[in-house]
Amino acid sequence: MVAINIDRFVKRYGALEVVHDISFDIEEGEFLVLVGPSGCGKSTILRMVAGLEEISGGELRMQGVRVNELSPKERQVAMVFQDYALYPHMSVEQNIGFSLELARVPKAEREAQVKRVADILQIGHLLERRPRELSGGQRQRVAIGRAMVRKPQLFLFDEPLSNLDAKLRAEMRGQIKRLHQTLKTTSMYVTHDQLEAMTLADRIICLFDGHIAQMGTPHDLFDRPANVFVAEFIGSPTMNIVPITASKAEGRTVLTLAGGGEVSLPDGTALPSLTNDGNVLAGIRPEHLSDTPTPGATARIEGVIDMLEPLGSDILVTMQVGGATLTARCTDKGQFQAGQNLTLHFDPARLHLFDSKTQMRLG
Amino acid sequence: MRRLNPAAILMLVPTHLLLLVVIALPSIYVFWLSLNESTYGSDLTFVGLDNYVTVLTSSYFWRAALNTLIVVNAVVYIELLIAIGMAALFLGGVRYPKIMFAIVLMPYAISEVVGVLVWKIMLNSGSGVLARTIESLGFGMFNWSVSPPLALSVVTLISIWHHLPFTFLLIYAGMLAIPKSLYEAARIDGATPWQEFWRITLPLTIPAILISLIFRFVFAFRLFSEVWLLTAGGPARLTEVLAVYLYQSGFKYGEFGTASATGWLMVIGSLGVASIYLWAMHRRMLKGND
């Protein structure tokens with residue numbers, strides 16, 4: 001069942017339009033992540049849904065009913081802010097219970113509800129403390145508790161983990177995921193971190209410059225990016241994208257790199273129909289390049305190792321190939337040295353091709 | 001204990017010397033004067049605490065102290081309320097904010113003496129524009145110069161007008177420092193604008209309010225030019241405030257000893273008031289409330 005319809009959203013600040021005609025639905029219980037670089041409009045869309053920004057054009061429907069004109073409270077949404085936005089002069093208990101107090105919920109019931117939420121989030125022992133006496137992770141939990149206690153129709157998260165250090169971020173990410181699996185509240189989550197998007201989302205909307213670049217499951221975006229922007233944005237390290245010319249020689253397809261390097265494709269590799277006389281952009285993810293031939297038909301590419309970045313069990317190998325730079329993620333067995341010649345292998349099915357002008361996916 | 005390094009001490013010396021010369025030494029000398037009988041052309045005669053007894057048994061002193069107490073409290077609290085209201089208004093957004101801001105700050109840029117004299121002309125019974133407006137509205141003759149309560153009300157009004165920008169600035173700055181996201185969180189929690197003000201803005205502005213109270217009590221305690229220029233303490237010394245009483249005894253009656261004693265009593269009085277608020281601030285800090 002569709003819980004939220006976002007129908008042709010437009011946001012203008014004076015003459016400047018920052019969100020252009022965006023439409024999507026959120027299913028009941030779904031965890032939807034809006035991801036994109038800063039300035040792409042993701043937070044603006046979230047704030048329009050929250051009721052903190054006016055909707056310049058389009059309609060917001062919750063359970064089928066138009067809510068454009070309703071206040072944030074009437075929309076029954078709860079929000080977790082990037083800077084937590086905890087009330088510094090109130091205790092944890094007062095922070096979590098503030099919405100109930102404003103709604104004139106009797107004290108005993110309020111206390112019971114605050115306690116229930118605090119127990120779920122394991123902050124029951126902190127109820128008397130002030131926000132300044134809490135660590136970043138504890139503050140984050142209080143902020144989530146404040147949102148939970150209202151039993152909202154929709155949870156909104158505005159980059160809630162970006163103020164935490166890497167370790168705590170991973171931990172809180174897990175907590176949010178577990179919480180959603182337990183509560184199953186419809187959620188909309190904004191982040192610039194593609195890893196957060198991939199790990200948390202049922203569905204991702206990748207935004208670029210106020211437009212939807214692609215919408216789909218994390219697998220859709222990772223395996224079949226719709227354009228160069230999504231291909232480069234999703235996945236770490238970033239996908240290798242190089243301009244190539246594809247041509248047929250003696251019935252075989254040959255990909256020529258800008259600097260003259262060639263990629264041999266195995267016999268029978270089917271490429272999508274190409275545009276611009278075969279001058280296209282080719283993309284391959286670092287983890288799909290390997291220094292050892294894998295079983296089956298693989299493509300090969302030869303070059304010289306330029307730089308090595310060990311990651312522990314893996315190593316990032318940057319290689320110069322006929323004018324292009326490619327990064328491969330390989331298993332580190334101490335076999336690499338800078339300046340050494342190297343042949344990388346890949347499954348041609350992992351190759352992504354994009355139109356060099358429109359930057360859109362081919363095939 | 002951290003040891004100060006010699007270079008730091010050296011750099012602090014000029015300021016401390018200046019404070020010593022213009023504040024500490026005169027204060028000590030005035031204290032010494034307050035223990036002596038002294039007037040023009042005569043040597044000091046040590047009289048112990050006699051001057052304090054004279055001052056504390058003078059009905060004029062108590063009248064001035066009472067006037068000061070009433071005017072200072074009226075000025076400080078009315079001014080505070082108006083400043084909070086205006087700051088909240090500015091925080092909510094006003095039209096033409098820069099022009100409005102300039103208008104609000106303007107009284108502070110006007111010399112105190114000039115300001116008081118202009119008010120005096122405008123309030124001049126029978127000819128002043130304000131006095132005549134009041135009279136034409138049917139309130140009768142606006143003859144504040146013969147009515148001590150009315151005169152002190154005028155003093156209060158002018159004092160508030162002149163110092164409001166200072167209090168407003170402190171409080172407005174305090175309100176501006178409150179993060180916007182707190183208001184957004186409160187709106188999502190279901191707070192009305194009125195509840196936002198009471199539950200978010202006001203509690204978080206208390207440190208700024210305490211600071212402005214301390215400053216304003218200490219300033220207001222020295223209230224002089226408004227009274228001196230409007231009534232000079234009259235009629236019959238009924239509108240005197242402490243600073244005017246001090247001036248009268250020192251420079252009109254030439255009693256430097258009692259004037260000095262009054263000065264020290266004023267210092268003790270304003271320190272007493274300030275210390276209440278300082279204590280409140282200190283307690284908030286200890287509680288970790290900011």
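The model is predicted.

In chain A, A:Tyr84 sits in the loop between strand E6 (77–80) and helix H2 (92–102). Its phi is near 70 degrees. That value is positive, and A:Tyr84 is not a glycine. Most residues other than glycine have a negative phi.

A:Pro237 also lies in a loop of chain A, between helix H8 (228–233) and strand E11 (240–249). The peptide bond that leads from A:Ser236 into A:Pro237 is cis. Its omega is near -5 degrees. Most peptide bonds are trans.

## Chain B at a glance

Chain B holds twelve helices and two strands. Along the sequence the order is α-β-β-α-α-α-α-α-α-α-α-α-α-α. Along the principal axes, the C-alpha atoms of chain B fill a box of roughly 75 × 70 × 30 Å.

## Helix H7 of chain B and its partners

Helix H7 of chain B spans residues 148–176. One of its partners is helix H4 (residues 97–109) of chain B. The two axes are 6 Å apart, and the packing angle is about 125 degrees. H4(B) is therefore oblique to H7(B). The crossing is left-handed.

From H4(B), the contact takes B:Phe101, B:Val104, B:Leu105, B:Pro107 and B:Tyr108. From H7(B) come B:Trp161, B:His162, B:His163, B:Pro165, B:Phe166, B:Phe168, B:Leu169 and B:Tyr172. By class, eleven of these residues are nonpolar, two are polar and none is charged.

Helix H3 (residues 59–92) of chain B also packs on H7(B). Here the axes come within 7 Å and cross at roughly 40 degrees. H3(B) and H7(B) are therefore oblique to each other. H3(B) passes H7(B) in a right-handed crossing. The contact of H3(B) with H7(B) has 22 nonpolar residues, five polar residues and one charged residue.

## The H11–H12 pair of chain B

Helix H11 (residues 242–252) and helix H12 (residues 256–286) of chain B have axes that come within 7 Å. These axes cross at roughly 160 degrees. An angle over 145 degrees counts as roughly antiparallel, so H11(B) and H12(B) are roughly antiparallel to each other. H11(B) passes H12(B) in a left-handed crossing.

On the H11(B) side, the contact residues are B:Leu242, B:Ala243, B:Tyr245, B:Leu246, B:Ser249 and B:Gly250. They meet B:Phe256, B:Thr258, B:Ala259, B:Thr262, B:Gly263 and B:Met266 of H12(B). Seven residues of the contact between H11(B) and H12(B) are nonpolar, five are polar and none is charged.

## Where chain B meets chain A

The contact between the chains takes 18 residues from chain B and 25 residues from chain A. About 2000 Å² is buried between chain B and chain A. Carbon and sulfur atoms give 57% of that area. B:Ile188, B:Asp189 and B:Arg199 supply 36% of the area that chain B buries against chain A.

## Salt bridges

Over all chains, the count is 19 salt bridges. Between chain B and chain A the count is two. The side chains of B:Glu184 and A:Arg47 form a salt bridge, with N to O at 2.6 Å. B:Glu184 lies in helix H8 (residues 180–188) of chain B, and A:Arg47 lies in helix H1 (residues 42–50) of chain A, so the pair joins two chains.

Notes: Residues are numbered from 1 along each chain as its sequence is written. Chains are lettered from A and ligands numbered from 1 in the order in which they are written. This is a predicted model: local features need pLDDT of at least 70, side-chain atom pairs count only at pLDDT 80 or more; totals for chains, interfaces and linings use all residues. Side-chain values use heavy atoms; hydrogens and water are left out. Axes are lines fitted to C-alpha atoms, for helices over the stretch in contact, and angles run from 0 to 180 degrees between N-to-C directions. Helices (H or I, at least four residues) and strands (E, at least two) are DSSP runs, numbered from the N terminus. Angles under 35 degrees count as roughly parallel, over 145 as roughly antiparallel, 65 to 115 as roughly perpendicular and the rest as oblique. A crossing is left-handed if the near helix is turned anticlockwise from the far one by less than a right angle, and right-handed if clockwise. Contact means heavy atoms within 4.5 Å. Ala, Val, Leu, Ile, Met, Phe, Trp, Tyr, Cys and Pro count as nonpolar, Asp, Glu, Lys and Arg as charged, and the others, Gly among them, as polar. Buried area is the accessible area (1.4 Å probe) that two parts lose on being put together, summed over both. A salt bridge is a side-chain nitrogen of Lys or Arg within 4 Å of a carboxyl oxygen of Asp or Glu.
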